[in-house]
Protein chains: 2
Amino acid sequence: MAQYIFCKMNISPLTLYPAIAHDTRLRCLLLLLEHDELCVCELTYALGAAQPTISRHLALLREAELVSDRREGLWIHYRIHPELPAWATNVLHETAQGVSGMSPFAEDLAAMKNMPNRPGAPRCA
Amino acid sequence: MAQYIFCKMNISPLTLYPAIAHDTRLRCLLLLLEHDELCVCELTYALGAAQPTISRHLALLREAELVSDRREGLWIHYRIHPELPAWATNVLHETAQGVSGMSPFAEDLAAMKNMPNRPGAPRCA
DNA sequence: GCAGAATATATACTGAGCCATATATTACGT
DNA sequence: ACGTAATATATGGCTCAGTATATATTCTGC
């Protein structure tokens with residue numbers, strides 16, 4: 001029979017909210033909302049955190065299925081999980097709007113734009 | 001001069017999300033979204049938790065300014081804070097929609113409707 | 001109208017478990 | 001070998017539930 005190709009996953013708020021209750025993880029997700037794909041070193045640069053710290057938090061987000069990853073040579077690119085249900089992505093967009101211009105989220109976006117030697121393709125100039 | 005009477009407060013996602021990252025607190029808030037005012041004993045009944053537990057979580061929500069309280073005799077009625085910014089209430093509504101019919105949230109709503117001897121006025125029959 | 005009981009809610013204290021950070025090390029890909 | 005990323009380990013801090021207790025308001029009998 002007909003299948004739902006784009007079947008959404010079923011995520012609980014008690015998966016989503018503990019994940020985005022942490023500074024580092026929320027900042028990563030909000031960056032991923034703007035630049036649809038980012039690698040670990042870009043997130044490390046933008047947030048000014050240690051690489052193992054970012055890596056560990058990304059692992060948590062991956063286990064919660066909030067992000068998906070894709071390896072390309074040395075780099076591992078993360079993105080918001082494409083099958084995240086609508087209510088969850090709406091929550092993220094509401095959040096992005098709620099914090100627009102606020103610290104440290106605005107600075108993160110600026111830092112990402114100003115990053116020298118962005119790896120991979122020049123996705124966003 | 002003209003004043004903004006309904007000036008919204010300025011809440012950070014790092015206040016909101018840790019607060020709703022806990023089962024008990026999220027369940028309380030989602031109940032408050034449906035019944036705009038509830039007292040401690042009603043929430044205690046609906047969630048089937050111990051009274052000090054509910055009270056302590058409500059205190060956290062109050063300190064985070066996610067709820068406001070109003071005393072009426074013996075009862076203290078809680079409601080979603082009326083000045084919560086739009087993005088935050090939108091997040092709550094998105095969540096309510098995302099979990100509609102799911103456990104334990106659906107059961108909480110049912111339990112509240114079936115509670116015998118609801119205190120205060122018969123607000124919702 | 002006051003003393004004491006009853007009810008509704010809040011707080012203090014404890015111990016257990018979980019989570020974050022830092023550091024060091026390992027694995028993977030060129 | 002070098003750059004990128006993940007994992008291992010140890011330590012410190014935070015959060016939670018449970019218990020006991022405190023406070024506030026109302027009710028009752030006198």
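This is a predicted model: local features need pLDDT of at least 70, side-chain atom pairs count only at pLDDT 80 or more; totals for chains, interfaces and linings use all residues.

1. In chain B, the side chain of B:Gln51 places an N or O atom 3.0 Å from a base nitrogen of DNA strand C.

2. A polar side-chain atom of A:His57 is 2.8 Å from a phosphate oxygen of DNA strand C. For A:His22, a polar side-chain atom lies 3.5 Å from a sugar or linking oxygen of DNA strand C.

3. The surroundings of DNA strand C comprise 20 residues, of which A:Arg25, A:Arg56, A:His57, B:Cys41 and B:Tyr78 are the closest. By class, this surface holds ten nonpolar, six polar and four charged residues.

4. The largest share, five residues, is that of H4(A).

5. Chain A is superposed on chain B by a rotation of 180 degrees with 0.0 Å of shift along the axis, at an RMSD of 0.0 Å. The two copies are therefore related as by a two-fold rotation axis. Of the interface residues of chain A, 100% are also interface residues in chain B, so the copies meet through the same surface.

6. Over all chains, one aromatic pair is counted. The pair is stacked because the rings of A:Tyr17 and B:Tyr17 have centres 5.4 Å apart and planes at 10 degrees, where under 30 degrees counts as stacked. This pair crosses between chains, joining helix H1 (residues 13-20) of chain A to helix H1 (residues 13-20) of chain B. Both A:Tyr17 and B:Tyr17 are buried.

7. Is helix H3 of chain A, residues 40-47, mostly covered or mostly uncovered? The helix is mostly covered, with six of its eight residues buried: A:Val40, A:Glu42, A:Leu43, A:Thr44, A:Ala46 and A:Leu47. These buried residues pack against several elements of chain A, including helix H2 (23-34), strand E1 (38-39) and helix H6 (105-113). Just after H3(A), A:Gly48 adopts a positive phi of about 65 degrees.

Conventions: Residues are numbered from 1 along each chain as its sequence is written. Chains are lettered from A and ligands numbered from 1 in the order in which they are written. Side-chain values use heavy atoms; hydrogens and water are left out. Rings of Phe, Tyr and Trp (its six-membered ring) pair if their centres lie within 6.5 Å; planes under 30 degrees apart count as stacked, over 60 as edge-to-face and the rest as tilted. Helices (H or I, at least four residues) and strands (E, at least two) are DSSP runs, numbered from the N terminus. Buried means under 20% relative accessible area, exposed over 50%, partly exposed in between (1.4 Å probe, protein chains only). A residue is near a molecule or strand if one of its heavy atoms lies within 4 Å of it. A polar contact is a pair of N or O atoms within 3.5 Å; within protein, one must be able to donate a hydrogen and the other to accept it, and residues adjacent in sequence count only if both atoms are side-chain atoms. Ala, Val, Leu, Ile, Met, Phe, Trp, Tyr, Cys and Pro count as nonpolar, Asp, Glu, Lys and Arg as charged, and the others, Gly among them, as polar. Copies are superposed by least squares on the C-alpha atoms of residues with pLDDT of at least 70 in both. Contact means heavy atoms within 4.5 Å.
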